[in-house]
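Let's walk through this structure together, one element at a time.

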Amino acid sequence: MSTATEIKVSGVDPYEIVIGRALLGEVAKGLGDKVKKVLVVHPVALTASAELLRETLVEAGFEAILAGVPDSEDAKRVEVAAFCWGIMGKSDFTRSDAVVGFGGGSTTDMAGFVAATWLRGVKLIQVPTTLLGMVDAAIGGKTGINTSEGKNLVGAFHAPAKVIIDLDTLQSLARNEILAGFGEVVKYGFIADPVILDLIEKDVTSATDPNSPVFQDIVQRCVAIKARVVGEDFKEAGLREILNYGHTLGHAIEHAERYKWRHGAAISIGMVFVAELARLGGRLGDAAVDRHRSVLGLLGLPTTYSADKWNQLVETMQRDKKSRSGNLRFVVLDDIAKPTIMSAPTPEMLFAAFQEIVEG
Ligand SMILES: NC(=O)c1ccc[n+]([C@@H]2O[C@H](COP(=O)([O-])OP(=O)(O)OC[C@H]3O[C@@H](n4cnc5c(N)ncnc54)[C@H](O)[C@@H]3O)[C@@H](O)[C@H]2O)c1
């Protein structure tokens with residue numbers, strides 16, 4: 001085992017995030033003495049590696065059961081939760097048993113939801129296997145499923161007991177999924193840690209190679225930021241909002257594209273948009289705005305969008321605003337690593353910022 005790093009998340013239910021390689025054996029150690037049964041929730045596509053994880057748990061003395069769930073957003077349906085509850089019921093899972101989420105963000109969201117709801121909450125260990133899952137979804141205790149009315153409408157805050165980030169699991173992940181995960185990575189660079197941007201700019205090939213030490217360094221930096229933010233603001237009462245940098249327009253783009261786009265691509269455009277908004281508001285200089293385009297461009301992430309969708313995007317952002325019963329608010333930068341909130345910008349300013357990102 002190469003050296004693993006541990007990052008602590010503080011709060012009412014503190015926990016550790018372990019980052020390294022060849023770490024699947026750590027899952028059993030994280031379960032503790034009281035747990036007897038473990039439900040490993042994984043996408044069917046990862047059955048072979050989930051089976052390896054199950055074997056390590058059985059060797060450690062647990063009764064481990066696999067729950068293969070559909071791929072991606074198809075996992076986040078109440079029918080799939082019911083499937084998992086069914087397995088737990090038939091296997092007599094008690095309050096002191098546990099759930100392991102092994103997969104991308106959609107799997108860890110579903111596994112977390114099942115853990116939060118079974119007998120009003122059982123132990124959860126998250127083992128993310130996508131870059132997005134590692135730097136974002138598996139940390140922070142937000143769990144949820146979709147309904148026909150929208151994404152993530154049903155869920156609970158349920159902190160994991162441990163998060164195990166085994167970078168070796170990324171070996172099988174498609175390159176475009178890794179690059180899409182870099183949308184969130186760049187976000188952390190702009191809101192909190194510009195060294196992340198430096199590392200990408202210095203050598204984008206190493207920075208995006210899951211086998212390289214610089215990749216591990218980048219993941220650790222991102223995890224440290226998310227851990228600090230959710231440790232201070234578990235239930236999204238304040239600070240956690242900075243994590244939404246680029247997300248207001250990004251979510252509207254995902255909606256306009258009927259969720260066929262990768263999240264990272266949508267927030268990539270969203271970040272350039274808010275950078276332009278901050279520039280127009282006299283907050284952010286030209287060089288910092290240009291840096292958004294150049295670093296995202298290096299990663300092959302999009303930075304422009306089609307002009308004819310503006311009205312639809314505004315409508316979606318307004319609807320989103322209503323559901324939060326507040327002003328249209330954007331996380332913007334006063335400078336790199338200095339996030340702040342811009343509340344209720346004028347329609348003219350929003351449109352002007354959008355003009356800066358239209359394609360062609
Ligand atoms: N709870 C949170 O705080 C939070 C934060 C951000 C995103 N999310 C959620 O995360 C989800 C998106 O997560 P995602 O981008 O990881 O996508 P995903 O979970 O849909 O996974 C993407 C694809 O990669 C496959 N896959 C996963 N790991 C693999 C591996 N190691 N090798 C090969 N294939 C692998 C999956 O089967 C899937 O096809 C969304 O539902 C979003 O709402 C949650």
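Helix H3, spanning residues 78–90, lies across E3, E4 and strand E5 (98–103). In this predicted model, H3 runs at about 160° to E4. Another helix, H9 (residues 213–232), lies across E1, strand E2 (15–20) and strand E9 (162–166). The angle of H9 to E1 is about 15°.

What is the order of the strands in the open sheet? Its seven strands follow the order E1-E2-E9-E6-E5-E3-E4, and their pairing is mixed. Strand E1 (5–9) and strand E4 (63–69) each have a single partner strand, so these two stand at the edges with one side left without a neighbour in the sheet. On average, neighbouring strands of this sheet are turned by 20° against each other, direction ignored.

Now follow some of the pairings. Strand E3, residues 37–43, pairs with E4 in the parallel sense over seven bridges. If you look for Leu-39, you will find that its bridge partner in E4 is Ile-65. E5 and E6 also pair in the parallel sense, over six bridges, and here Val-100 has Ile-125 of E6 as its bridge partner.

Two packed helices are described by the angle between their axes and the distance between the axes. Going back to H3, its axis and that of helix H4 (residues 105–117) come within 10 Å and cross at roughly 50°. The two helices are therefore oblique to each other, and H3 passes H4 in a right-handed crossing. On the H3 side the contact is made by Val-80, Ala-81, Cys-84, Trp-85 and Met-88, while H4 brings Met-110, Phe-113, Val-114 and Thr-117. By class, the residues of this contact of H3 with H4 are eight nonpolar, one polar and no charged.

In H6, the residues Phe-182, Val-185, Val-186, Tyr-188, Gly-189 and Phe-190 meet Pro-194, Ile-196, Leu-197 and Ile-200 in H7. The contact of H6 with H7 has nine nonpolar residues, one polar and no charged.

Asp-136 lies in helix H5, which covers residues 131–137. Is Asp-136 buried or exposed? With a relative accessible area of 15%, Asp-136 counts as buried, because the cut-off for buried is under 20%. Leaving aside residues up to four places away in sequence, Asp-136 touches Glu-184, Tyr-188 and Lys-226.

The other residue is Leu-350, in helix H14 (residues 347–355). Leu-350 is buried too, with a relative accessible area of 5%. Beyond residues up to four places away in sequence, Leu-350 touches Phe-273, Leu-277, Trp-310, Leu-328, Phe-330 and Pro-345. Between Leu-350 and Ser-91 there are 54 Å in space, C-alpha to C-alpha, and the two are 259 residues apart in sequence.

Methods: Residues are numbered from 1 along each chain as its sequence is written. This is a predicted model: local features need pLDDT of at least 70, side-chain atom pairs count only at pLDDT 80 or more; totals for chains, interfaces and linings use all residues. Side-chain values use heavy atoms; hydrogens and water are left out. Two strands pair if DSSP finds at least two bridges between them. Helices (H or I, at least four residues) and strands (E, at least two) are DSSP runs, numbered from the N terminus. Axes are lines fitted to C-alpha atoms, for helices over the stretch in contact, and angles run from 0 to 180 degrees between N-to-C directions. Contact means heavy atoms within 4.5 Å. Angles under 35 degrees count as roughly parallel, over 145 as roughly antiparallel, 65 to 115 as roughly perpendicular and the rest as oblique. A crossing is left-handed if the near helix is turned anticlockwise from the far one by less than a right angle, and right-handed if clockwise. Ala, Val, Leu, Ile, Met, Phe, Trp, Tyr, Cys and Pro count as nonpolar, Asp, Glu, Lys and Arg as charged, and the others, Gly among them, as polar. Buried means under 20% relative accessible area, exposed over 50%, partly exposed in between (1.4 Å probe, protein chains only).
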